[in-house]
Amino acid sequence: MTNDPAVRIRGLRKAYGDLVVLDGLDLDAHAGEVLALLGPNGAGKTTTVRILSTLVAPDSGSASVAGHDVVREAPAVRAAISLTGQYAAVDELLTGEENMRLMARLAHVPRAQVRDRAAALLEAFDLVDAARRPVRTYSGGMRRRLDLAVGLVGRPRVVFLDEPTTGLDPRSRGEVWDMVRTVVAAGATVLLTTQYLDEAERLADRVAVIDHGTVIAQGTTTELKRTIGTAHVELVLADGTTERVPTDGSVPDVRRILDDVERRDLLVAAWQVREPTLDDVFLTLTGRPTAPGAPALATAQETR
Ligand SMILES: Nc1ncnc2c1ncn2[C@@H]1O[C@H](COP(=O)(O)OP(=O)(O)OP(=O)(O)O)[C@@H](O)[C@H]1O
Ligand SMILES: [Mg+2]
């Protein structure tokens, strides 16, 4: 593997009629890293992933994956990637094991290796017990796991995960996070899209915040949080005003803040510790909240 970026995007543009979805997107994912593409509904995340996985052609600009141009060398790109979408691609009627074998054939895995690879992946993704059951009997979390596992059978160099945990309960989210770490340990570069800041924080080496089809900020989550501020204790006072006190979120620090509230004799109607969310990132970076009608965003901190 060279030092060439695993994903390289320059000036990428895509419009659907009058709707400009990607407006000159620039982005690199380095080999072996997890890069999170963080953005609200409609920001252009899936469109980016679909272009990188050769399912959609860009209007202009360029993109390469594993060193291959997504337009001119589409078959080579397809051979180097795995794509796990917002919607699972596994066959409901087949068993987990059958899905794995089918994908191995499609990915041209040498016949002699199919059995071993399938067994190792089913094991790594905790699906051994369910391997002989039809997928339609699987829970949502199990399906995502199988979807991830199936995508790895061809040993892809770059793995795209489009909102891998959207719609999952907290426990299944945690399971998928563990699985993503398994994918990374296998040596792949991962490009992950998400609407959740906490998800990016847990999984990603670097984060690119995308809005209206351009990258408006990028860096580690620590760097991003430095721009947007840390967690804070939010106090709703009896007169309806709100106070926000920065905190590191530790018990002693929150106690210190609450002690101070008592000393000042403030009448508190409600209080909570708030971690920064994608909404906070957007508010800070753009001066406006995330797009209207994006209800999932504020709940990220409640589902951990
Ligand atoms: N094939 C298409 N035809 C017309 N409009 C499209 C098409 N695909 C996407 N769009 C529009 O492009 C915009 C960006 O869509 P995209 O799916 O890339 O966003 P996203 O960031 O993945 O959003 P979400 O978080 O909801 O998945 C949206 O307004 C969407 O409606
Ligand atoms: Mg999407």
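Analyst: A pocket is here an open set of grid points, on a 1 Å grid over the protein atoms alone, with protein on both sides within 12 Å along at least five of seven lines. The model is a predicted one, and its largest pocket holds about 500 Å³ of space.

The lining of that pocket comprises 21 residues. Those that lie nearest the centre are Arg78, Ile81, Ser82, Leu83 and Met103. Two or more lining residues come from each of helix H2 (74-80), strand S6 (81-84), helix H3 (96-106) and helix H5 (140-151). Strand S6 supplies the largest share, with four residues. In terms of residue class, the lining of the largest pocket has eleven nonpolar, seven polar and three charged members.

The second largest pocket contains about 260 Å³ of space. Among the residues that line this pocket are Arg117, Ala120, Leu121 and Ala124, together with Leu152, Arg155 and Pro156. Thr182, Val183, Ala186, Gly187 and Ala188 also belong to the lining of the second largest pocket. The elements that each give two or more residues to this lining are helix H4 (111-124) and helix H6 (170-185). Helix H4 has the largest share, at four residues. Eight nonpolar, two polar and two charged residues make up the lining of the second largest pocket.

Gly42 places a backbone N or O atom 2.8 Å from an oxygen atom of the ligand. For Gly44, a polar backbone atom is 2.9 Å from an oxygen atom of ligand 1. The side chain of Glu163 has an N or O atom that is 2.9 Å from a ligand oxygen atom. On its own, ligand 1 has 640 Å² of accessible area, of which the protein covers 62%.

Terms used. Residues numbered from 1 in each chain as written. Chains lettered and ligands numbered in written order. Predicted model: local features only at pLDDT ≥ 70, side-chain atom pairs only at ≥ 80, totals over all residues. Heavy atoms only, no water. Polar contact = N/O pair within 3.5 Å; in protein donor to acceptor, adjacent residues only side chain to side chain. Areas by Shrake-Rupley, 256 points an atom, 1.4 Å probe, with all protein chains shown as cover. 1 Å grid on protein atoms, 1.4 Å probe; cavity = no way out; pocket = protein on both sides within 12 Å on 5 of 7 lines; lining within 4 Å. Points joined across faces, edges and corners; volume = space filled by probe spheres on them. Nonpolar A, V, L, I, M, F, W, Y, C, P; charged D, E, K, R; others polar.
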